[in-house]
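Work through each task before reading its solution.

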Amino acid sequence: MLTRGRTALAAVGVVAVLVLTGQLIVQASEVAGTPGTASGGGTPAVSGAPDPVTVTRPPQVPTPAPASAAPAPPVSSAEPAAPTLPDPAGPAVLPPLTAPYDTVLGFHGTGKVAYLTFDDGPTRYTGQLLDILAAAGVKATFCQIGSQLAGFPDVERRLIADGHTLCNHSWTHPENIAALPGAQIDQQIGTTQQAFAQFGVTARYFRAPGGDFGKTTTLRQLCQRYQTRPLGWSVDPQDWKKPGVTKIVQTVLSTVSPGAIILLHDGGGTDRNQTIAGLPGIISRLQGLGYTLAALPPDGPD
Ligand SMILES: [Zn+2]
């Protein structure tokens, strides 16, 4: 009897332990499942049942506060300057496109004025074009690739000192820029703006590589964010294809009209000797037709 009685008591004890253990397991799984659900990883929560842990979560007490009151460790001062890349969260909160940025400029101003623009520099050819423009007393607009600026600092400083207008032409000239994720477009524009800032200037125009602003508004919304007006053109002699000096000049003269923005190149992968050779004739013959050649307003077209 005594032995059986002890066995029975022991059995009751085992059941009690099992029940207690089971409760502990359930409680532990609930607690463990909660942060996994919140973070999107870990053990998924049981579906179909309310989450009592969430409901009964105790109020959060700011117990770790004293730790933050301690003197700051020297880590922050030892770190390099914060990266200057644009906030990648920016494109997700872009405001709607508004009027000045929903069009791409192909013309500007009133009267018999035309605007020379040079794309894809600075390069080793830019200086020769600056010489020609200076000799003629003409100001132009340069749509520049940000990653090339550091390679031609003297040319860039002269270009700015000569009074030409700057235009952001992206950081690396991706032909499909309008199709890139917003964060990458943001980086293409933003890093180039920062490169201009190294020279103490701000561009208020953006020309998409290939002139392609895309079918969505993302690229123009980012232009709006940086206050860089979308810049196109209305005269394109395709000088980058090197069709011959005569052809370049004649195309400009035969397609120009008042307010025209004329596309030429001081970069683009091959030599720009035809553009350089054609520029004096373009200037003199446009002036002969009564055109004033001007830079786009540096602070924007309005
Ligand atoms: Zn280009």
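Axes are lines fitted to C-alpha atoms, for helices over the stretch in contact, and angles run from 0 to 180 degrees between N-to-C directions. The model examined here is predicted.

**Exercise 1. Packing of two helices**

Task: Describe how helix H9 (residues 245-255) and helix H10 (residues 273-288) pack.

Solution: 
1. Two packed helices are described by the angle between their axes and by the distance between those axes.
2. For H9 and H10 the angle is about 35°, and the axes are 9 Å apart.
3. The crossing of H9 past H10 is right-handed.
4. On the H9 side, the contact is made by Val245, Ile248, Val249, Val252 and Leu253; on the H10 side, by Gln274, Thr275, Ala277, Gly278, Gly281, Ile282 and Arg285.
5. Seven residues of this contact between H9 and H10 are nonpolar, four are polar and one is charged.

**Exercise 2. A residue of H10**

Solution: 
1. Ser284 is located in helix H10.
2. Along the chain, Ser284 and Ala136 are 148 residues apart, while their C-alpha atoms are separated by 8.4 Å.

**Exercise 3. The span of a helix**

Solution: 
1. Buried residues of H7 include Ile185, Ile189, Thr192 and Phe196.
2. Among the elements covering the buried residues of H7 are strand E3 (165-168), strand E4 (205-206) and helix H8 (218-226).
3. After H7 comes Gly200, with a positive phi near 80°.

**Exercise 4. The partners of a strand**

Task: Which strands pair with E1 by five bridges, by four bridges and by two bridges?

Solution: 
1. Eight of the nine residues of E1 (residues 113-121) are buried, so E1 is largely enclosed by the rest of the structure.
2. Strand E6 (residues 261-265) runs parallel to E1 and is joined to it by five bridges; here Leu116 stands opposite Ile262.
3. Strand E2 (residues 141-144) is also parallel to E1, with four bridges; Asp119 has Cys143 as its bridge partner in E2.
4. Strand E7 (residues 292-293) pairs with E1 in the parallel sense over two bridges, and Thr292 is the bridge partner of Val113.

Technical notes: Residues numbered from 1 in each chain as written. Predicted model: local features only at pLDDT ≥ 70, side-chain atom pairs only at ≥ 80, totals over all residues. Buried ≥ 20, exposed ≤ 12 C-beta atoms within 10 Å, placed from the backbone. Contact = placed C-beta atoms within 7 Å. Left-handed = near helix turned anticlockwise from the far one by under 90°. Nonpolar A, V, L, I, M, F, W, Y, C, P; charged D, E, K, R; others polar. Pairing = 2+ DSSP bridges.
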